[in-house]
Amino acid sequence: MATNPETRPVASIERWERYAAASEGLTEYWYPAMPSAKLGRKLVHHRLLGQDLVFMRHDGRAHALLDRCPHRQIPLSVGVVEFPGHITCVYHGWTFDVTTGNLTAALTDGPNSPILGKVCVRRFPVEERLGLIWVWMGEGEPVPVEEDIPDELLRANARVYTLIRQVDGDWRYAAENGYDESHGKMLHRSSLWVYFKRVAAWNDTEIVRSDDKKWLLRFQHSVIAEDDYPGLGRWPRHNFFQRRQKTIAQGSNQHAVSIRLPAILRVVQPGRANWTHYEWYTPTEKGKYQYLVMAAAWNTGWKRFTWWLRYWSYIVWFHHYNFNNQDLDVVPLMPESHPERFFRPDVSITAWRRLVENDARKPGPKRATAAAE
Amino acid sequence: MATNPETRPVASIERWERYAAASEGLTEYWYPAMPSAKLGRKLVHHRLLGQDLVFMRHDGRAHALLDRCPHRQIPLSVGVVEFPGHITCVYHGWTFDVTTGNLTAALTDGPNSPILGKVCVRRFPVEERLGLIWVWMGEGEPVPVEEDIPDELLRANARVYTLIRQVDGDWRYAAENGYDESHGKMLHRSSLWVYFKRVAAWNDTEIVRSDDKKWLLRFQHSVIAEDDYPGLGRWPRHNFFQRRQKTIAQGSNQHAVSIRLPAILRVVQPGRANWTHYEWYTPTEKGKYQYLVMAAAWNTGWKRFTWWLRYWSYIVWFHHYNFNNQDLDVVPLMPESHPERFFRPDVSITAWRRLVENDARKPGPKRATAAAE
Amino acid sequence: MATNPETRPVASIERWERYAAASEGLTEYWYPAMPSAKLGRKLVHHRLLGQDLVFMRHDGRAHALLDRCPHRQIPLSVGVVEFPGHITCVYHGWTFDVTTGNLTAALTDGPNSPILGKVCVRRFPVEERLGLIWVWMGEGEPVPVEEDIPDELLRANARVYTLIRQVDGDWRYAAENGYDESHGKMLHRSSLWVYFKRVAAWNDTEIVRSDDKKWLLRFQHSVIAEDDYPGLGRWPRHNFFQRRQKTIAQGSNQHAVSIRLPAILRVVQPGRANWTHYEWYTPTEKGKYQYLVMAAAWNTGWKRFTWWLRYWSYIVWFHHYNFNNQDLDVVPLMPESHPERFFRPDVSITAWRRLVENDARKPGPKRATAAAE
């Protein structure tokens with residue numbers, strides 16, 4: 001599957017047409033919007049894929065509508081709940097059933113307002129899994145939400161910790177940075193997370209499709225701990241305590257890093273660490289994205305407590321903040337559409353781009369409620 | 001005059017051509033710029049209808065010029081008054097007669113500078129009425145300023161209080177919001193101003209032209225205090241003390257709200273309140289406007305004192321701030337040019353748009369001083 | 001050489017084509033970037049003529065590269081120095097020889113990375129003179145740096161003080177302001193620098209080319225201290241202590257002010273002041289420029305100490321700050337491309353524009369390293 005990207009001349013993201021067009025994301029997928037706990041009795045506004053949405057909880061279930069009253073485009077999220085299960089626009093009292101998006105009343109025009117039956121607002125299917133609210137951002141009929149969440153996370157003994165940040169940068173460069181083979185060997189070398197670990201100099205990379213076709217797996221071959229660079233010298237230099245370590249652990253987690261659509265990264269932690277790191281890159285609008293990181297382990301009882309202890313004592317600080325902040329720093333430094341000059345390790349990036357280009361779901365026929373709007 | 005706006009499909013302001021083009025205002029009118037008291041010995045810059053103006057008081061009279069020296073476009077308002085009745089540009093000493101706009105001297109080129117007689121800066125006619133400075137923003141010959149101020153305000157016993165704010169939003173949506181029939185029944189329901197009043201649910205609306213053709217008057221028929229909405233219930237709910245009130249006062253102020261060109265709102269206060277509220281929406285530049293609210297009463301002697309007391313004890317706080325701030329909050333929420341879906345009460349808005357479209361003064365022949373510039 | 005600019009109608013900078021196109025500067029020149037002392041052990045980013053540059057000192061010499069890694073356009077200035085004389089990109093370890101711009105290693109792809117020999121980053125020639133780092137911003141072969149620095153500043157006994165500010169405004173209007181004949185007679189009249197001096201009202205101006213063709217010299221004829229302006233009166237008015245001064249010193253520094261390419265101003269201080277003021281206007285990007293002012297005197301030994309004392313006791317405060325701040329205030333007030341109406345003293349500005357139009361160096365053939373990029 002590997003090609004040698006650097007044999008090509010200077011290029012840019014424009015070479016992948018669908019991918020280049022998706023600056024505000026791939027529509028036909030379920031995306032994590034916010035923690036379930038964030039949606040209580042108040043209306044909540046949230047922006048995803050360039051769309052303003054208003055979320056409301058009714059009878060225990062979460063619902064989402066487009067956050068624009070069709071009358072004069074006032075956000076419904078500044079509206080009020082005059083009747084259970086309905087959002088009333090603060091401006092003129094247009095009242096929408098949050099479960100259907102239909103206009104139930106235009107209060108200030110009386111019960112027989114002629115506008116009734118002629119207007120609705122777009123509804124977005126919503127589900128709750130893993131303590132998160134998920135939204136279907138597609139125009140076509142939604143697939144089951146389980147199709148867009150990695151299977152292992154839906155197991156009964158999965159215990160996940162989630163951290164969400166709204167950050168600057170292009171979601172595609174964030175995904176590429178996550179799956180990128182080589183940046184870990186340079187950018188993250190200075191993070192506290194790997195301070196006592198030995199980070200290799202370089203390796204051969206192979207990208208393989210998973211058996212279920214959903215994931216791209218990344219294999220590392222011939223991992224070289226350190227090497228001699230002509231005219232420069234030996235690299236990397238190691239801390240004094242690292243010199244005693246003779247060899248580098250390799251091969252044990254050959255396909256530790258994988259990626260899938262719409263933009264989900266999975267990093268199985270090496271050796272006996274026994275937990276897995278996930279990332280979701282969800283565009284909110286052009287040049288901004290929601291960065292969700294998740295630590296997952298599968299356990300019960302006493303082990304669940306030690307997992308809780310491990311996450312809050314160091315994983316959240318050293319990995320989700322210190323380590324991942326390096327990614328958040330570098331992604332917005334890449335200009336929107338920039339000339340690129342790929343080298344051998346970028347095979348991971350080009351494979352990911354091809355995956356989006358060829359496999360991303362295409363918008364289906366418009367849903368009924370959307371069409372009537 | 002009423003048509004049913006909601007029978008039309010989704011539209012936008014673009015349907016009214018002149019109105020849509022007037023994002024920076026209608027030029028051939030007098031506009032209130034600032035309180036007379038603001039213009040003392042210093043030059044004052046003020047922006048109106050997308051133009052920068054410099055104001056100067058000379059021999060007790062207010063004057064206004066375009067705030068740009070024709071030489072290199074430096075603002076004259078950062079200039080100095082080297083000679084009475086003249087503004088001298090701070091950069092090279094070009095000196096303009098504030099009563100004519102003519103270049104009287106180019107100081108740093110000597111008394112015989114060849115530029116003399118070849119340059120002038122646009123002058124804007126200025127008047128003072130009601131304690132305000134009024135500017136003619138037209139290209140044609142100005143009409144008497146009295147034509148652009150409601151007659152009753154010019155009576156000798158009129159006593160007005162004025163509050164001016166520079167705010168975000170489109171002046172047209174501000175005017176529409178002011179004259180809009182139905183937003184008061186929803187948006188303002190939560191204001192302190194109507195806390196002890198009963199606000200009706202809905203009514204029939206009729207728009208009629210005033211006898212002098214200047215105003216659009218708004219009549220309310222069949223005012224319904226509260227009603228049953230199928231599937232939702234009774235609305236509005238009332239405070240416990242409001243339940244005792246059986247009927248709603250109606251008909252006594254049938255045409256309480258009226259609007260006229262360029263964008264003046266008049267709200268005769270109901271019953272024995274005995275004062276009238278006015279609003280002027282003056283664009284300063286695209287997406288910003290000057291919001292002037294005015295409370296007027298007609299009285300003398302002791303009654304003039306009780307009017308002063310009433311204004312400063314509650315009208316300014318509960319109406320000009322708390323109540324009108326709700327308008328200032330909602331107007332900028334309407335996107336610049338947005339799809340609209342009108343309903344029955346919007347007959348007030350469409351009538352106003354037609355008034356502008358058909359009746360707004362058209363630019364006349366250029367004035368002499370403007371042409372020479 | 002003088003023409004009467006005010007006989008022409010309203011114009012703008014667009015009349016001078018090359019000049020109008022040079023909103024980000026004239027490329028084929030040496031520009032002062034920063035004090036030599038600012039470049040120590042750390043990488044330094046600096047923007048000049050719309051380009052991002054990274055500066056590095058190696059073996060005592062200053063070097064500059066384009067501040068973009070060709071791989072993904074990450075700034076090299078956030079990179080690290082893993083090896084002496086090389087900048088390593090923080091993202092994937094691409095390592096560039098700072099003296100050539102060549103890629104020496106792609107660390108995370110091993111010593112035999114196929115990308116080697118195929119990539120380089122643009123190098124900018126750098127020199128150090130007068131305690132400043134100078135950069136050749138041209139595409140053609142650089143001229144000797146001495147060609148772009150006034151000769152007298154390179155003499156052994158020259159002692160210069162430099163102040164650099166990054167400011168808003170167009171570098172061309174800054175240069176015009178500097179060389180402008182008449183603004184000093186109005187704008188600077190209020191500065192502390194001339195408080196005890198008599199500033200003339202006006203004079204005749206003549207622009208002459210220097211013998212070495214590099215400079216435009218400005219001659220003042222018939223300097224009039226004060227004059228009578230019809231309808232206005234006598235101008236300027238003087239402080240009480242200035243009345244005793246009968247005549248104004250004139251002719252002794254007839255060509256005190258001169259300008260040359262790319263945009264260097266020279267003001268020989270009058271009489272026995274015995275020092276010269278210089279200004280460099282270097283665009284950093286459109287609408288912003290680097291404003292470098294320099295005070296130079298030629299002396300040794302004890303006189304060098306008194307010069308130090310004079311500069312730090314009053315010249316820096318009264319001239320480089322108070323006086324020159326008036327220029328910094330007025331330049332950004334001129335809109336980007338504005339209608340102009342020239343008058344007689346503007347002969348200095350039109351002569352300067354013609355100098356740029358006719359004499360500015362043209363881009364030569366691309367240099368080898370730039371072409372390979």
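This is a predicted model: local features need pLDDT of at least 70, side-chain atom pairs count only at pLDDT 80 or more; totals for chains, interfaces and linings use all residues.
Over all chains, the salt bridge count comes to 66. Chain A touches both chain B and chain C, with 34 of its residues in contact with chain B and 36 in contact with chain C.

**Salt bridges inside chain A**

- A:Glu146 pairs up with A:Arg129, and their closest N and O atoms sit 2.5 Å apart.
- That pair links distant parts of the chain: A:Glu146 is in the loop between strands S10 (132–136) and S11 (158–168), while A:Arg129 belongs to strand S9 (residues 126–129), 17 residues away.
- Both partners are partly exposed, A:Glu146 with a relative accessible area of 33% and A:Arg129 with 24%.
- A:Glu336 and A:Lys286 also meet in a salt bridge, at 3.2 Å from N to O.
- A:Glu336 sits in the loop between helix H4 (301–330) and helix H5 (347–359), and A:Lys286 in the loop between strands S18 (276–285) and S19 (288–298), so this bridge ties together parts that are 50 residues apart in sequence.
- A:Glu336 is exposed at 54% relative accessible area, whereas A:Lys286 counts as partly exposed at 49%.

**A buried pair in chain B**

- Over in chain B, the side chains of B:Lys185 and B:Glu181 form a salt bridge with an N to O distance of 2.5 Å.
- B:Lys185 counts as buried because its relative accessible area is 6%, under the 20% cut-off.
- B:Glu181 is buried too, with 4% relative accessibility.

**Where chain A meets chain B**

- A:Arg72, A:Tyr91 and A:Thr108 supply 25% of what chain A buries here, more than any other three residues.
- Four salt bridges run between chain A and chain B. One pair to look at is A:Glu82 with B:Arg237, whose closest N and O atoms are 3.5 Å apart.
- Strands S5 (86–88), S6 (94–97) and S7 (103–106) of chain A each put at least two residues into the side that touches chain B, and S7 gives the most, with three.
- By class, that side of chain A has 17 nonpolar, twelve polar and five charged residues.
- A:Arg72 turns up again in a network of salt bridges that links it with B:Glu176, B:Glu340 and B:Arg353.

**Where chain A meets chain C**

- Chain C contributes 34 residues to its contact with chain A.
- About 2,900 Å² is buried between chain A and chain C, 64% of it on carbon and sulfur atoms.
- On the chain A side, A:Met186, A:Leu232 and A:Arg341 lose the most area, together 25% of what that side buries.
- Four salt bridges cross this interface. C:Arg72 and A:Glu176 form a salt bridge with their closest N and O atoms 2.9 Å apart.
- The count of residue pairs in polar contact is 14.
- Helix H2 (171–179), helix H3 (183–186), strand S14 (227–229), strand S15 (233–235) and H5 each give two or more residues to the side of chain A that touches chain C.
- That side divides into 18 nonpolar, five polar and 13 charged residues.

Key
Residues are numbered from 1 along each chain as its sequence is written. Chains are lettered from A and ligands numbered from 1 in the order in which they are written. Side-chain values use heavy atoms; hydrogens and water are left out. Helices (H or I, at least four residues) and strands (E, at least two) are DSSP runs, numbered from the N terminus. Buried means under 20% relative accessible area, exposed over 50%, partly exposed in between (1.4 Å probe, protein chains only). Contact means heavy atoms within 4.5 Å. Buried area is the accessible area (1.4 Å probe) that two parts lose on being put together, summed over both. A polar contact is a pair of N or O atoms within 3.5 Å; within protein, one must be able to donate a hydrogen and the other to accept it, and residues adjacent in sequence count only if both atoms are side-chain atoms. Ala, Val, Leu, Ile, Met, Phe, Trp, Tyr, Cys and Pro count as nonpolar, Asp, Glu, Lys and Arg as charged, and the others, Gly among them, as polar.
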